[in-house]
Amino acid sequence: MAEYTIKVRRFQPESGEGPYWEEFNVDLDPSLSVLDGLLQAKDRDDGSLAVRCSCRAAICGSCGMKINGQSGLGCKTQIGEAQELADKQASAAGTGSDGNSIVIEPMGNMPVIKDLITDMESTHWTKIRRVTPWLLPHGEAPEREYVVEPESMIDITQSMACIQCGACVSSCLSMEADPDFIGPAALAKAYRFVGDPRDAETSERLHDLAEDPHGIYDCTHCFSCIDACPKGVAPMDQIMRLRRKAGEEGIEDPNAGHAHEVAFVKVIEKKGLLDEALLVQESYAPGIKGKLKPSKRGLTETIKSLPTILRPLRKRKVKLRQAIPGLHHGLPKDSMNDVKSIYTHAEEHNEEFNLYIKGEEGELIDENVEKGIERSTDPDTAEAK
Ligand code: SF4
Ligand code: SF4
Ligand code: FES
């Protein structure tokens, strides 16, 4: 048993007062959860402390909250670990080294209803419905169930692990800047259907998500949702998969994100180093040195990028040579052999050559088969979410 101080951000709308902080002392084994601490405080000190929970086992997704500023599940975060983090944060800030309060707040990017209870409907469920979260299959429904090869479902098992807790939404920096952003949870859900071989509207779904100004290109790859997700869904990876599929579908990305990604891979393959000027040109007018096929958009975008290039030139942060596409030096020939071997390895092993998705197809299959086995033995998570 150890004693902890939890500092809770409270809001009791019926009182007519604004939000305030309140501290509670709780006695718990360090292996018990932050949610256990909150329930003890509610039981012993103040029955009006509002917190949403049900399973207490990281299954139902009810207890999303911010603990020491990080979004996650109250029932999955051990209070001992939360204390260690609070002490580490205080030590880094120079405000103390141990015995600090564990700070607990409601999830971000959502209106607060009461204490730690947020309005999931307005920001989470509305966005989930936005992506048509059900299967739109071909033709007549079969007499019995749809039959698909298990292997063809492997790609989507990661997104199927979502428990709709909203922790990723709470931590999303893009959503903070643009509340209309469809967001990590809904886009991960969208990939669950885009990647489903039974769905007949893949192209329509991709066009919809790519053409929406608050859609898949609104994500800034900040990785927060990956850190926050308690179930390993890695929403940002699902968004990258949606982007790649949209690129394969020939959908034009308003920010040239897919072309930028392709250009990045191509420039590194050719030079081993990042030639930024060549990257801009390649992103809008594909073709490596001598094989240029400038498009109207390529020229417009290159002209538009001139002020961005001129500023560092004026401040002498870049040399003129670096500002002209193709003049930046590359790696020496022997180092280029190493670069080429990475590309060959990636191609031979069907590795997803995406900056954000790592691993080999074989590993992904093993990992997901493992998850599939887990799901099939656990009745609570057996159904497809
Ligand atoms: S990676 Fe994208 S979706 Fe995830 S939290 Fe950051 S901005 Fe939001
Ligand atoms: S993706 Fe992860 S963090 Fe986001 S709602 Fe689903 S389980 Fe929660
Ligand atoms: S109470 Fe169910 S996920 Fe925490």
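In which helix is Met240 found? In this predicted model, for which local features need pLDDT of at least 70 and side-chain atom pairs count only at pLDDT 80 or more, while totals for chains, interfaces and linings use all residues, Met240 is found in helix H10. Residues are numbered from 1 along each chain as its sequence is written, chains are lettered from A and ligands numbered from 1 in the order of writing, and side-chain values use heavy atoms, with hydrogens and water left out.

The protein chain has 17 helices and 7 strands, these being DSSP runs numbered from the N terminus (helices H or I, at least four residues; strands E, at least two). Of its 385 residues, 42% count as buried, that is, under 20% relative accessible area, as against over 50% for exposed and in between for partly exposed (1.4 Å probe, protein chains only). Contacts (heavy atoms within 4.5 Å) with a separation of 6 or more come, for 63% of them, from residues 24 or more positions apart.

Met240 is buried, with a relative accessible area of 1%, and its C-alpha atom is separated by 9.8 Å from that of Tyr191, 49 residues away along the chain. Helix H10 (235–248) is also one of the packing partners of helix H8, whose buried residues pack against H10 and helix H7 (184–194). Those buried residues of H8 (202–211) are Arg205, Leu206, Leu209 and Ala210; seen down the helix axis they fall within an arc of 120°, so they line one face of H8, the arc being that of the directions from the axis to the C-beta atoms.

The largest pocket has a volume of about 530 Å³. A pocket is here an open set of points on a 1 Å grid over the protein atoms alone, where a 1.4 Å probe fits, with protein on both sides within 12 Å along at least five of seven lines, and lining residues have an atom within 4 Å of a point; the volume is the space filled by probe spheres set on the points, which are joined across faces, edges and corners. Of the 26 lining residues, Ile67, Gln70, Ser71, Gly72 and Asp227 are the closest to the pocket centre. Among the elements that give two or more residues to the lining are strand S3 (64–67), strand S4 (70–73) and helix H9 (224–228).
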